[in-house]
Amino acid sequence: MSSLLVDNIGELVTNVAGSGEGGPLGIRRRAALLVEEGEVAWVGPAADAPAADGRIDAAGAAVLPGFVDSHAHLVFAGDRAAEFAARMAGEPYTGGGIRTTVGATRAASDGELRATVRRLRAEALRQGTTTIEIKSGYGLTVADEARSLRIAAEVTGETTFLGAHVVPAEYADRPDEYVGLVCGPMLAAARPYARWIDVFCERGAFDADHARAILTCGQAVGLDVRVHANQLGPGPGVRLGVELGAASVDHCTHLTDADVDALASTASDDGQTATVATLLPGAEFSTRSPYPDARRLLDAGVTVALATDCNPGSSYTSSMPFCIALAVREMRMTPAEAVWAATAGGARALRRDDVGVLRPGARADLIILDAPSHLHLAYRPGVPLVRQVLHNGVPR
Ligand SMILES: [Zn+2]
């Protein structure tokens, strides 16, 4: 059995609340961390560090749990750079461009889709993302949704069936029939490769009745629920997610008091809410839209996660540090809240307790920064601060 000691850590963010400074971040100074068999085996003062087969000298830098990106759409073909340029020139975002990507995705070979997924997964890993959720949703046929999930499952266990991303053009005047297809043969074909089911519950996509029908069908075959909710305007998505016990409702840009109250009502004994509000500021950035009010959610006691929403239309970034910087600058989160939301918050949104945290028994997924503190992730926006990544204990 080989062991690896990460030594001489200036600031270790554990996310074990109460185990050090910084409240929920559980910060330890002058620390060390031992990795064995892909897991964290020991955390403590550098002066007490045990012997190990290998050693990484963090040289006084900050070490954090790897980022948990709980919302990404990596299975697609083509890009929409021209649509982005048009939007920046003043055209509004409506979500209609999804159909452009659907056409390109259907026309692509398995090899092309696989290459894109692997390229983006590697890009995210270099920036510190050690756990990533990947959705289907650009195939929208039985065969194309199934192959999207099969390819996603090659790089992550957190796969989400999003056959209900948008009603495809060929079903535009028959949405009920499309919902039947999603709940029937498409779900059956997707099920072997999916852990989650998701719906884009929004005007122009799926209404509350259709979304409830689809999510309930997914639950009946063992998939857990997450929802794209309240992105483009107020709507029923957040309350529907809470009603169905969703792990996360994502976007949450347009919330009523009733939506916030519904989320807060899912508070559990550990002080977190069972349904997490996942905020995706890359989407507001890239569509030049008002940001969600993170402060309102946090002040109401709602657990908040940050994720990239990486997709070719509305948020083509794979960078969790960029999302942290946006959350601090534009959404009035503190740097500590944003770092927690991008690590432990993402883990909560995926109902995982083995990632987003550095304690004995957790996965040895961590990042070493080129900086003395987690604060620098927001303080130095756009700078590649992730010096080294350990994924399952293996240096990348
Ligand atoms: Zn999304």
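Let's start with the sheet: eight strands make an open sheet in the order 6-7-8-9-10-11-12-13, with parallel pairing. Its edges are strand 6 (67-69) and strand 13 (304-306), each with a single partner strand, so one side of each is left without a neighbour in the sheet. From one strand to the next, the twist averages 25°. Please keep in mind throughout that this is a predicted model.

For a look at how neighbouring strands are joined, take strand 8 (residues 158-164) and strand 9 (residues 196-201). These two run parallel and are joined by three bridges. If you want a landmark for this pairing, find Phe-161, whose bridge partner in strand 9 is Ile-197. As a reminder, strands of a sheet pair through backbone hydrogen bonds, either parallel or antiparallel.

Now look at what lies against the sheet. Helix 11 packs on the sheet and touches strand 6, strand 7 (129-135), strand 12 (276-279) and strand 13. The direction of helix 11 makes about 130° with that of strand 13.

Helix 11 also leads us on to another helix. Two packed helices are described by the angle between their axes and the distance between the axes. Here, the axes of helix 11 (residues 320-331) and helix 12 (residues 335-349) cross at roughly 140° and come within 9 Å. The crossing of helix 11 past helix 12 is right-handed. On the helix 11 side, the contact is made by Met-320, Cys-323, Ile-324, Ala-327 and Val-328, while helix 12 contributes Pro-335, Ala-338, Val-339, Ala-341 and Ala-342. Sorted by class, this contact has 10 nonpolar residues, no polar ones and no charged ones.

Let's step back to the whole chain. The protein has 13 helices and 16 strands. Its C-alpha atoms fill a box of roughly 70 × 45 × 45 Å along the principal axes. A compact globule with 396 residues would have a radius of gyration near 21 Å, and the 20 Å of this protein agrees with that. Buried residues account for 55% of the 396 residues. Among contacts between residues at least 6 apart in sequence, 71% join residues at least 24 apart.

Is Arg-28 buried or exposed? A residue is called buried if 20 or more other C-beta atoms lie within 10 Å of its own. Arg-28 has 25 C-beta neighbours inside 10 Å, so this residue counts as buried. Leaving aside residues up to four places away in sequence, Arg-28 touches Leu-12, Thr-14 and Gly-20.

Most residues other than glycine have a negative phi, and most peptide bonds are trans. Asn-8, found in strand 1 (residues 3-13), has a positive phi of about 60° although it is not a glycine. Asn-8 is partly exposed, with 18 other C-beta atoms within 10 Å. Asn-392 lies in the loop between strand 15 (386-391) and strand 16 (394-395), and its phi is also positive, near 55°. With 14 other C-beta atoms within 10 Å, Asn-392 is partly exposed.

Note on methods
Residues numbered from 1 in each chain as written. Predicted model: local features only at pLDDT ≥ 70, side-chain atom pairs only at ≥ 80, totals over all residues. Axes fitted to C-alpha atoms, helices over the stretch in contact; angles between N-to-C directions. Helix = DSSP H or I, 4+ residues; strand = E, 2+ residues; numbered from the N terminus. Left-handed = near helix turned anticlockwise from the far one by under 90°. Contact = placed C-beta atoms within 7 Å. Nonpolar A, V, L, I, M, F, W, Y, C, P; charged D, E, K, R; others polar. Rg over C-alpha atoms; globule rule 2.2 N^0.38 Å. Buried ≥ 20, exposed ≤ 12 C-beta atoms within 10 Å, placed from the backbone. Pairing = 2+ DSSP bridges.
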